[in-house]
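Subject: Structure handover

Hello,

Please find the structure below, with the sequence. Notes on what was found in it follow.

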Amino acid sequence: MTAPLADKKVLVTGAASGIGRAIALELAAQGAHVAGADIQRPEQTVREIRAAGGTAVAIGADVSRPEQVKAMVAGCLAELGGLDGLVNNAGIYSSLVPRPFEQIDLEEWRRLFEVNVFGVMSCCQAVAPHMKANGGGRIVNIISGTPFKGIPFMLHYVSSKGAVLGMTRSLARELGPSNILVNGVAPGFTLSEGVMGNPVQLEKLREVSRDARSVARDMVPGDVPGAVAFFMSAGASFITGQTLVVDGGSHFN
Ligand SMILES: NC(=O)c1ccc[n+]([C@@H]2O[C@H](COP(=O)([O-])OP(=O)(O)OC[C@H]3O[C@@H](n4cnc5c(N)ncnc54)[C@H](O)[C@@H]3O)[C@@H](O)[C@H]2O)c1
């Protein structure tokens with residue numbers, strides 16, 4: 001049987017750790033050729049993919065720097081020989097400490113928006129011309145369940161993901177005529193390596209998130225990639241502008 005994503009060339013941002021690493025591994029396991037990009041070069045992820053017999057390259061890039069994003073996409077095209085899909089996963093989340101909005105200063109809002117919102121937009125801008133010339137493509141944005149639920153004490157983060165939710169829908173309309181499908185995956189609270197290193201998040205969010213789920217267990221990075229792979233697959237060729245919540249049945253659309 002042919003692998004579902006055989007020879008698809010996919011760029012995954014934030015691939016060095018956590019959810020992005022899990023996505024890169026799964027897409028490669030399903031046959032995709034993966035360019036893993038991250039502010040810390042994702043060499044380890046690439047080594048794991050190659051060790052499993054897959055194809056991957058590592059690219060260093062800060063998604064909040066448009067010139068680095070352009071170089072990242074050029075590097076992906078040069079190394080993989082094309083680009084069929086983009087997964088916008090890089091984001092600031094696991095380092096955040098929940099607190100009242102009055103205590104979050106504008107500088108922190110700006111940095112978060114530069115990465116979580118403008119970074120996604122820059123990556124989409126950089127891949128769109130190539131996908132258009134190529135007759136189409138797939139973009140999957142890693143959003144979050146928080147804008148659906150209105151989670152308190154992370155107002156900048158929730159707002160940034162709400163912006164990406166809106167961007168996913170509007171871009172689906174703008175890019176649909178070019179056969180570029182844009183969808184989102186919204187994970188619940190996930191025990192990524194970054195989150196495991198944040199005792200405040202663990203204390204405040206782990207139990208409450210687990211208890212709110214229909215499937216009442218911890219969520220791990222490996223719970224997310226299946227939904228991303230689906231949006232990249234032939235079976236999703238008539239789905240766009242949608243965001244799939246992957247959280248063990250906590251929020252229902
Ligand atoms: N962990 C969760 O509970 C959770 C829940 C919902 C959504 N998310 C989203 O999933 C994504 C990954 O989350 P995670 O918990 O694995 O995060 P993480 O912090 O563990 O990993 C994020 C990755 O992005 C990279 N990165 C950060 N800033 C970057 C930049 N400017 N340019 C390029 N790479 C950059 C980091 O180096 C890291 O490898 C994020 O977009 C996050 O908002 C996480």
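**The cavity**

In the lining of the largest cavity, α4 is the element that gives the most, with four residues. The model is a predicted one, and it holds one cavity of 30 Å³ or more. The volume of that largest cavity is about 30 Å³. Its lining is made up of Thr13, Val63, Asn88, Ala90, Val115, Gly119, Val120 and Cys123. Sorted by class, these are five nonpolar and three polar residues, with no charged residues.

**Overall form**

There are nine helices and seven strands in the protein. The C-alpha trace spans about 45 × 35 × 35 Å along the principal axes. For 253 residues, a compact globule would have a radius of gyration near 18 Å, so the 17 Å of the protein agrees with that expectation.

**The sheet**

Seven strands form an open sheet with parallel pairing, in the order β3-β2-β1-β4-β5-β6-β7. At the edges are β3 (55-60) and β7 (243-246), each of which pairs on one side only. From one strand to the next, the twist averages 20 degrees.

One pairing can be given in more detail. Strand β1, residues 9-13, runs parallel to β2 and is joined to β2 by five bridges. Valine 10 has valine 34, in β2, as its bridge partner.

- Helix α3 (residues 66-80) touches β1, β2 and β3, and its direction makes about 145 degrees with that of β1.
- Helix α9 (residues 225-232) touches β1, β4 (85-88), β5 (137-142), β6 (180-187) and β7, and its direction makes about 155 degrees with that of β5.

**The largest pocket**

The largest pocket has a volume of about 1000 Å³. A total of 47 residues line this pocket, and those nearest its centre are Ile19, Ile92, Tyr93, Ser94 and Tyr157. The elements that each supply at least two lining residues include one strand, β2 (33-38). The helices on that list are α1 (18-29), α4 (106-133), α5 (146-149), α6 (155-175), α7 (193-196) and α8 (199-211). By class, the lining divides into 21 nonpolar, 19 polar and seven charged residues.

**The second largest pocket**

For the second largest pocket the volume is about 150 Å³. Lining it are Met121, Cys124, Gln125, Ala128, Lys132, Met167, Leu171, Glu174 and Leu175. Two or more of these residues come from each of α4 and α6. Helix α4 gives the most, with five residues. Six residues of this lining are nonpolar, one is polar and two are charged.

Which element gives the most to the lining of the largest cavity? That is α4, with four residues. Helix α4 also gives the most to the lining of the second largest pocket, with five residues. In the largest pocket, α4 (106-133) is one of the elements that supply at least two lining residues each.

Regards

Key: Residues are numbered from 1 along each chain as its sequence is written. This is a predicted model: local features need pLDDT of at least 70, side-chain atom pairs count only at pLDDT 80 or more; totals for chains, interfaces and linings use all residues. Side-chain values use heavy atoms; hydrogens and water are left out. On a 1 Å grid over the protein atoms alone, a cavity is a set of points where a 1.4 Å probe fits but cannot get out, and a pocket is an open set with protein on both sides within 12 Å along at least five of seven lines; lining residues have an atom within 4 Å of a point. Grid points are joined across faces, edges and corners, and a volume is the space filled by probe spheres set on the points. Ala, Val, Leu, Ile, Met, Phe, Trp, Tyr, Cys and Pro count as nonpolar, Asp, Glu, Lys and Arg as charged, and the others, Gly among them, as polar. Two strands pair if DSSP finds at least two bridges between them. Axes are lines fitted to C-alpha atoms, for helices over the stretch in contact, and angles run from 0 to 180 degrees between N-to-C directions. Contact means heavy atoms within 4.5 Å. The radius of gyration is taken over C-alpha atoms; the globule rule is 2.2 Å times the number of residues to the power 0.38.
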